[in-house]
Amino acid sequence: MCKILAAKTTIYKYTIYAVLIGIIAFSGCSSSKQVTRVDADTTIDLSGRWNDTDSRMVAEGIIGDCLNHPWINDHGINTGGKPVVIVGGIRNKSMEHIPVATFITDIERAFINSGKVRTVASSSERSEIREERADQGEFAALETVKQMGREQGADYMMTGEINTIEDREGGKQVVFYQTDLTLTNIETNEKVWIGQKEIKKFIGRGKFKP
């Protein structure tokens, strides 16, 4: 009788172990990470915060507005050529981390792709390029050396800032992004254009109902 009880107890223990192992294995499978590749232009909002789509849309929209104002035609009339623009400092004055370097690159891309202006390197990029020219003067073949003092000077500098306003109530949140950019004549300090682009996002469960 004792042997029968012992055998049943052993079987019972093994059964519990098997069930536990199965639960652990199932939990591991169900919580495994899945990665899906999507098109780079796809709009995906997970947290509701500033993302790559916002950066691209703001840059393209605000530069499109900039290039449709009188300053660019006036420059062409006065000089007979395309204006040369440098993108300077753009400050993130919002309450969240925004990769400003990516936004600056989006602005430069919008300028270049328009074909209406010429865009030159920033101060940090110029330092690296100057080091390369100096290195060429010492080590490169004479016929391939790039000359010093031939840099293209910028006519205008673009500067600006990004601000946010947040409103929260319960589990709902509205985030308002405002980007202000200014284009200034480097020689005269005249502000030839001021632009603004706004984005408002509702973050919460369910659809927003005004």
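Predicted model: local features only at pLDDT ≥ 70, side-chain atom pairs only at ≥ 80, totals over all residues.
A residue counts as buried when its relative accessible area is under 20%. F103 sits at 0% relative accessibility, so it falls on the buried side of that cut-off.

First, the overall layout. The protein has five helices and five strands, and going along the sequence they come in the order α-α-α-β-α-β-α-β-β-β. Of the 210 residues, 29% are buried. The accessible surface comes to about 15000 Å², with 55% of that belonging to carbon and sulfur atoms. Among contacts with a separation of 6 or more, 65% are between residues 24 or more positions apart.

Now to helix α4, which holds F103. Besides F103, the buried residues of α4 are V100, I104, D106, I107, E108, A110 and F111. The cover over these buried residues includes helix α2 (52-66) along with strands β1 (84-92), β2 (118-119), β3 (156-169) and β4 (172-185). Just after the helix, G115 takes a positive phi of about 75 degrees.

As for the aromatics, the structure holds three aromatic pairs. In one of them, the ring centres of W50 and F103 are 5.8 Å apart and the planes lie at 85 degrees, so this pair is edge-to-face. It ties together distant parts of the chain: W50 is in the loop between α1 (2-30) and α2, 53 residues away from F103. W50 is at 9% relative accessibility, so W50 counts as buried too. Ring pairs also bring in Y177, giving a cluster of W50, F103 and Y177.

Conventions
Residues numbered from 1 in each chain as written. Heavy atoms only, no water. Buried < 20%, exposed > 50% of the residue type's maximum accessible area, 1.4 Å probe, protein only. Helix = DSSP H or I, 4+ residues; strand = E, 2+ residues; numbered from the N terminus. Contact = heavy atoms within 4.5 Å. Areas by Shrake-Rupley, 256 points an atom, 1.4 Å probe, with all protein chains shown as cover. Phe/Tyr/Trp six-rings, centres within 6.5 Å; stacked < 30°, edge-to-face > 60°.
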